[in-house]
Amino acid sequence: MNDLVSIESAARGSRDVADVPGASPSRVPGILTFILADVLVFGLLFVGFMVERLEQVALFNRSSATLDVRLGLLNTLILVTSGLFVVLAVHAARAGRAVATRNWLLASFIVGAGFGVNKLIEYGDKLAHGVSMLTNDFFMFYFVLTGVHFLHFLAGMVVLAVLWFKASREAVDGPLFGWIESGGLYWHMVDLLWIVIFPMLYLLGAQ
Amino acid sequence: MNHVSPAMAVRVWMFLVAATVTSGWLVEHHSVAGRWTAAAVMLVAALKGRAVLLYFMELKGAPRAWRVAFELWIWLCAVVIVALWAVGGSGT
């Protein structure tokens, strides 16, 4: 199979976005505008959390201490690893290597799914202990921030699945390439947001 | 446009893993950074975010305005969070 991939790759040569017909580079600024707007909204939520924390530092620290840091760390490792696989998928797609593109997208999806499983375990544990959005202001922010992030995560998983599916039916270095690149950028945003959310919610109260 | 090579992406991933493990270690061994643990952890987070932006999202090779906008975002997040954390004190 690898031989087939390398033959296919050699035949096409290594292609750049600029010389991939139909893969309009203009889609990238579009997705970057969307990502920037999205992270700015999250930025406002971060400020809201920190301002609210000023009024109730002890309560926020006590609540934060009940979160499972190891689960949060594991989730960070999951997202950065899944992110690496997406980089490799984009790299393979740019070279026109369809099989490798699909394999890396699948790997990214499977590893990424671990984040969802962990998050559901975490939510389940909190709810089983009677902790909800209504418990206190810390948990209101906890559920809103991680919940909205979780929705972004789910959307990203759908995007990865759709790209994997489409990559078996279309040339990965044709018009689909722009979508693979944009989907990859979106997935990195999910990673990027978690990189800030995790220490702010889980680690800031470290005493 | 220069794209990030797979080897470079793996090196960036190794940095991200090492930085994540370091953050966890700093929190579990609180005596190392003492009351600066939270600030140290947020600094590490900003560096991780920057690595994702520049190398995974390839903003290093993107038009300067995009890179500046996103780098500004990650550093502003870290600075504002640390500043408001410092203003709040330990709460004890």
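This is a predicted model: local features need pLDDT of at least 70, side-chain atom pairs count only at pLDDT 80 or more; totals for chains, interfaces and linings use all residues.
**Where chain B meets chain A**

Between chain B and chain A, 6 residue pairs are in polar contact, with both partners at pLDDT 80 or more.

Which elements of chain B give two or more residues to the side that touches chain A? They are α1 (6-28), α3 (37-56) and α4 (64-88) of chain B. Helix α4(B) gives the most, with 12 residues. Now sort the residues on this side of chain B by type.

Next, take both sides of the contact. Chain B brings 44 residues, and chain A brings 44 residues. Together the two chains bury about 3900 Å² between them. Of that buried area, 80% lies on carbon and sulfur atoms.

Charged pairs come next. Side chains of opposite charge can pair when their charged atoms come close. How many salt bridges does the rule find across the interface of chain B and chain A? The number is 2. Over all chains, the structure holds 8 salt bridges.

Look at B:Glu28 and A:Arg70. These residues form a salt bridge, and their closest N and O atoms are 3.0 Å apart. The pair counts as a salt bridge because the rule asks for a side-chain nitrogen of Lys or Arg within 4 Å of a carboxyl oxygen of Asp or Glu.

Then find B:Glu58 and A:Arg94. This is also a salt bridge, with the closest N and O atoms 3.5 Å apart. The pair crosses between chains. B:Glu58 sits in the loop between α3 and α4 of chain B, while A:Arg94 belongs to helix α4 (residues 69-94) of chain A.

Finally, turn to the surface of chain A. Which residues form a nonpolar patch there? They are A:Leu106, A:Ile110, A:Trp164 and A:Phe165. Together they have about 360 Å² of accessible area. Two or more residues of the patch come from each of α5 (98-128) and α6 (137-166) of chain A. A:Leu106, for one, is found in helix α5 of chain A.

Note on methods: Residues are numbered from 1 along each chain as its sequence is written. Chains are lettered from A and ligands numbered from 1 in the order in which they are written. Side-chain values use heavy atoms; hydrogens and water are left out. Contact means heavy atoms within 4.5 Å. Buried area is the accessible area (1.4 Å probe) that two parts lose on being put together, summed over both. A polar contact is a pair of N or O atoms within 3.5 Å; within protein, one must be able to donate a hydrogen and the other to accept it, and residues adjacent in sequence count only if both atoms are side-chain atoms. Helices (H or I, at least four residues) and strands (E, at least two) are DSSP runs, numbered from the N terminus. Patches are made of residues with over 30% relative accessible area and no salt bridge: like charges are joined within 9 Å, nonpolar side chains (Val, Leu, Ile, Met, Phe, Trp, Tyr) within 5 Å. Accessible areas come from the Shrake-Rupley method with a 1.4 Å probe; for residues, only the protein chains shown count as cover.
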